[in-house]
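Please look through the sequence and the model before reading the points below.

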Amino acid sequence: MAESREPIDPEFGATSADELAARLQHIEPEIEQQVADVARAELEDYDLEPEDAAVLASGDETPDAQAARPAPPVLAVIGRPNVGKSSLVNRVLGHREAVVEDTPGVTRDRVSYDAEWNGQPFRLVDTGGWELEAKGLDRSVAEQAELAIEEADGVLFVVDAKVGPTSTDEQLVAVLRRSGKPVLLVANKIDAGGQEADVAALWSLGLGEPHPVSALHGRGSGDLLDAVIKMLPKESKVAQQQPGGPRRVAIIGRPNVGKSSLLNKATGSTRAVVNDLAGTTRDPVDELVTILGTTWRFVDTAGIRRRVHLQQGSDYYATLRTQSALDRAEVAIVVLDVSQSISDQDLRIIDMVLEAGRALVLAFNKWDLLDDERRPQLEREIEQRLSHVAWAPRVNLSAKTGRHLEKLVPALQAALDGWDTRVPTGKFNAFIHELTQANPHPLRGGKQPRILFGTQADTQPPTFVLFTSGFMDPQYRRFITRRLREVYGFVGTPIRINMRVREKRGRK
Ligand code: GDP
């Protein structure tokens with residue numbers, strides 16, 4: 001459950017966070033383990049669901065094992081509107097119930113699915129819902145395609161064989177060429193025999209052999225998938241970068257807050273801004289930036305520098321860009337402009353970071369413009385509008401003068417440390433035990449929901465699973481989250497707490 005934007009909830013009981021932390025310090029590791037073992041044993045009396053097994057095992061996974069977890073290769077399906085991308089995606093997925101939606105909420109239009117062919121899993125990115133305003137359609141299509149291609153290991157390029165190659169198709173071919181990614185050309189709408197000439201006409205695109213399919217009727221889809229599996233690497237090269245490399249940072253924020261100024265100051269040189277997407281010049285997608293001896297991978301710097309375009313483009317497109325940068329980043333620097341009020345748009349961007357589960361640093365930019373009148377206003381706004389992310393490191397800086405830019409480094413490091421933190425199962429259950437002894441959940445309808453056992457199922461972001469005997473008030477869950485922060489820090493990271501209510505055996 002994500003933390004919500006509500007005022008701090010009242011204390012449950014009297015025991016303070018300090019007292020709790022002090023008590024926990026004096027518990028021996030063996031005792032912690034015993035507490036966990038007893039709790040775990042009690043859970044055996046409850047009806048567990050099949051999916052619980054994985055969670056119960058996850059707490060013991062070492063961080064290394066997690067880092068090594070490979071990501072399946074990513075296949076992007078691109079093409080201009082109405083060529084049949086979505087039908088093809090449905091055809092590949094086969095059974096709709098197997099579909100898992102990746103990014104709920106913010107980016108309903110950018111959907112990826114878990115797919116599989118002959119035992120090889122892959123991730124399928126459907127750009128079918130990306131259709132934008134009619135104005136400048138070609139440009140939008142090319143941009144959307146470019147985004148999807150950047151994040152893919154291979155591409156299915158879908159063309160309507162009945163229509164033949166159009167100028168938009170040719171633009172897309174140019175984008176594909178520049179990307180250097182492997183591509184399969186799909187000649188769709190080959191619903192019956194006798195269309196060989198239509199298929200042959202697509203050789204002119206210069207992408208090699210067209211694969212004839214009928215997404216609607218399924219014709220040719222098996223052969224196509226065989227070719228897809230042959231084309232894709234076994235593991236994604238883009239979805240999860242090598243562990244141990246520079247950490248990945250996204251600089252995000254609404255237009256004009258100073259993102260590109262900040263980037264330019266950090267990289268130490270002002271670069272030419274490239275606006276011509278369909279042209280041949282291309283900024284690097286990511287840049288390695290060294291600040292005070294630490295190297296970071298700033299993701300989507302091309303998107304940040306292409307600011308003229310961003311202002312002309314729709315909010316929708318800016319949102320896509322932000323989402324795409326967040327997908328690839330580990331930590332986000334949300335840039336705010338202190339000369340202006342903290343706006344709903346700022347808050348939406350922060351919410352995107354929380355939903356994406358990334359570490360968060362708040363950069364209060366244009367500090368040089370802050371005067372005595374504005375300063376108290378700003379402090380009030382921070383208190384009122386940013387209390388739900390009070391745990392995020394804040395850096396007050398000026399991209400213009402370079403003031404305090406170097407403070408971003410410890411802030412990013414602290415946020416990533418929080419994001420990576422794992423509380424061992426023994427410690428976590430001792431924490432739960434101590435906490436619930438002092439502050440039990442309030443009675444609900446004469447019953448008291450209890451936490452039976454808990455484990456940290458994941459890091460990046462820290463994700464806890466609590467097995468409980470009944471539904472827990474959101475307020476109580478927030479209380480637990482707050483105590484977790486007070487005891488273990490978790491600076492700069494969202495924390496997720498998932499509840500699994502389980503019934504005692506034979507009670508049904
Ligand atoms: P972006 O749209 O977020 O990339 O914003 P830009 O980096 O293009 O900055 C927008 C405007 O704010 C430009 O005119 C910058 O010169 C100005 N600006 C950026 N950072 C600062 C700062 O720290 N102080 C002042 N005074 N102006 C700034």
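**Briefing**

N118 is placed in the loop between β2 (111-117) and β3 (120-126); helices (H or I, at least four residues) and strands (E, at least two) are DSSP runs, numbered from the N terminus. The model is predicted, so local features need pLDDT of at least 70 and side-chain atom pairs count only at pLDDT 80 or more, while totals for chains, interfaces and linings use all residues. Residues are numbered from 1 along each chain as its sequence is written, and side-chain values use heavy atoms, with hydrogens and water left out.

**Backbone features in loops**

- N118 is not a glycine, yet has a positive phi of about 50°.
- The relative accessible area of N118 is 65%, so N118 is exposed (buried means under 20% relative accessible area, exposed over 50%, partly exposed in between, with a 1.4 Å probe and protein chains only).
- N256 also has a positive phi, of about 75°, although it is not a glycine.
- The loop that holds N256 runs between β7 (247-252) and α10 (259-267), and N256 is partly exposed at a relative accessible area of 44%.
- A cis peptide bond, with omega near 0°, leads from Q460 to P461.
- P461 sits in the loop between β13 (451-458) and β14 (463-468).

**Salt bridges**

- Side chains of opposite charge can pair when their charged atoms come close.
- The whole structure contains 20 salt bridges, each defined as a side-chain nitrogen of Lys or Arg within 4 Å of a carboxyl oxygen of Asp or Glu.
- One of them joins the side chains of R40 and E44, at 2.8 Å from N to O.
- R40 is partly exposed at 27% relative accessibility, and E44 is partly exposed with a relative accessible area of 41%.
- D52 and R502 form a salt bridge through their side chains, at 2.8 Å from N to O.
- This pair links distant parts of the chain, 450 residues apart: D52 is in helix α3 (residues 52-58), and R502 is in the segment after β15 (496-501).
- D52 and R502 are both buried.
- A salt bridge between the side chains of E330 and R247 spans 3.1 Å from N to O.
- E330 is in the loop between α13 (315-328) and β10 (331-337) while R247 is in strand β7, so the pair ties together parts 83 residues apart in sequence.
- E330 counts as buried at 8% relative accessibility, whereas R247 is partly exposed with a relative accessible area of 22%.

**The β13-β14-β15 sheet**

- Three strands form an open sheet in the order β13-β14-β15, with mixed pairing; two strands pair if DSSP finds at least two bridges between them.
- The edge strands are β13 and β15, each with a single partner strand, so one side of each has no neighbour in the sheet.
- On average, neighbouring strands of this sheet are turned by 20° against each other, direction ignored.
- Strands of a sheet pair through backbone hydrogen bonds, either parallel or antiparallel.
- The pairing of β13 and β14 is antiparallel, over six bridges.
- The bridge partner of Q456 is F464 in β14.
- Helix α17 (residues 425-438) lies across β13 and β14 and runs at about 140° to β13; axes are lines fitted to C-alpha atoms, for helices over the stretch in contact (heavy atoms within 4.5 Å), and angles run from 0 to 180 degrees between N-to-C directions.
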